[in-house]
Amino acid sequence: ILDDNGRDILYTTITYLDGTPWVMVSYVSQSHILSDLDSLLITIISTFAVVLIIVFIVLSITVGKTVKPIKSLTNVLTAITDGDFTVEIPVKGNDEIAAMSRSLQDFVSIMREVITDIRDVSNQLTASSGATKELAGALYSGSQTQAESMADVKVTIDQVANGVQDLAEHAGTLSTVVTETNQQGSHAREN
């Protein structure tokens, strides 16, 4: 290191030797003292950079291994919330994520059974509704036939009523004719 004038800076020490009039003067240049510190500083910075790179790589691998199952589980959950219960849920390890995956796998299995049961009930209802439709058709046809029969009975009753009325009218006419004949017969006997 040079001072403002471009000269090397020196460090000096003065030591008096006991029992003698001698003085020992030592000096060393600042650049010589700091050269070891500079190489130490370069070693520390290099070591720090290497350690930092190693830590970054280890963290990336660790975070990747931790985040990958979470991303996979998130994708499965998204599929399930979209109504897809056919997804397979991978379970690896014994950590909390694996425990959640197992629980989710149990849930999906139960939901599959419920959906199957609902589908079976729906099929049964469809079959029952078909039978009910056929029965309703048969009842309707029977009621139509009965209505036609009732109409025929009404026509017959109307005809019988008309016949009875005609008969009553003819009976009345016959009674009048008989009465007149009796009267004429009585008149003829008298004459």
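Me: Which side chain meets D158 in a salt bridge, and what is the N to O distance?

Reply: Happy to start there. Side chains of opposite charge can pair when their charged atoms come close. Here a salt bridge is a side-chain nitrogen of Lys or Arg within 4 Å of a carboxyl oxygen of Asp or Glu. D158 pairs with K154 at 3.2 Å, N to O. Both residues sit in helix 2, four residues apart, about one turn of the helix. Helices here are DSSP runs of H or I, at least four residues, and strands are runs of E, at least two, numbered from the N terminus.

Me: What should I keep in mind about the model itself?

Reply: This is a predicted model, in which local features need pLDDT of at least 70 and side-chain atom pairs count only at pLDDT 80 or more, while totals for chains, interfaces and linings use all residues. Residues are numbered from 1 along each chain as its sequence is written, and side-chain values use heavy atoms, with hydrogens and water left out.

Me: How many salt bridges does the rule give?

Reply: The count is two. E88 and R112 also meet in a salt bridge, at 3.7 Å from N to O. E88 lies in the loop between helix 1 (30–81) and helix 2 (96–190) and R112 lies in helix 2, so this pair ties together parts that are 24 residues apart in sequence.

Me: Are E88 and R112 exposed or partly exposed?

Reply: Take relative accessible area with a 1.4 Å probe, protein chains only: buried is under 20%, exposed is over 50%, and partly exposed is in between. E88 is exposed at 61%, and R112 is partly exposed at 32%. In the other pair, D158 is partly exposed at 34% and K154 is exposed at 52%.

Me: Which residues make up the largest nonpolar core?

Reply: In soluble globular proteins, nonpolar side chains tend to be buried together. A nonpolar core is a set of buried Ala, Val, Leu, Ile, Met, Phe, Trp, Tyr and Cys residues joined through side-chain atoms within 4.5 Å. The largest one has 10 residues: L73, V76, A79, I80, F85, V87, I89, I97, L104 and V108. Helix 1 and helix 2 are the elements that give two or more residues to this core, and helix 1 gives the most, with four.

Me: What is I80 in contact with, leaving aside neighbours within four places in sequence?

Reply: Contact means heavy atoms within 4.5 Å. On that basis I80 is in contact with F85, V87, L104, F107 and V108.
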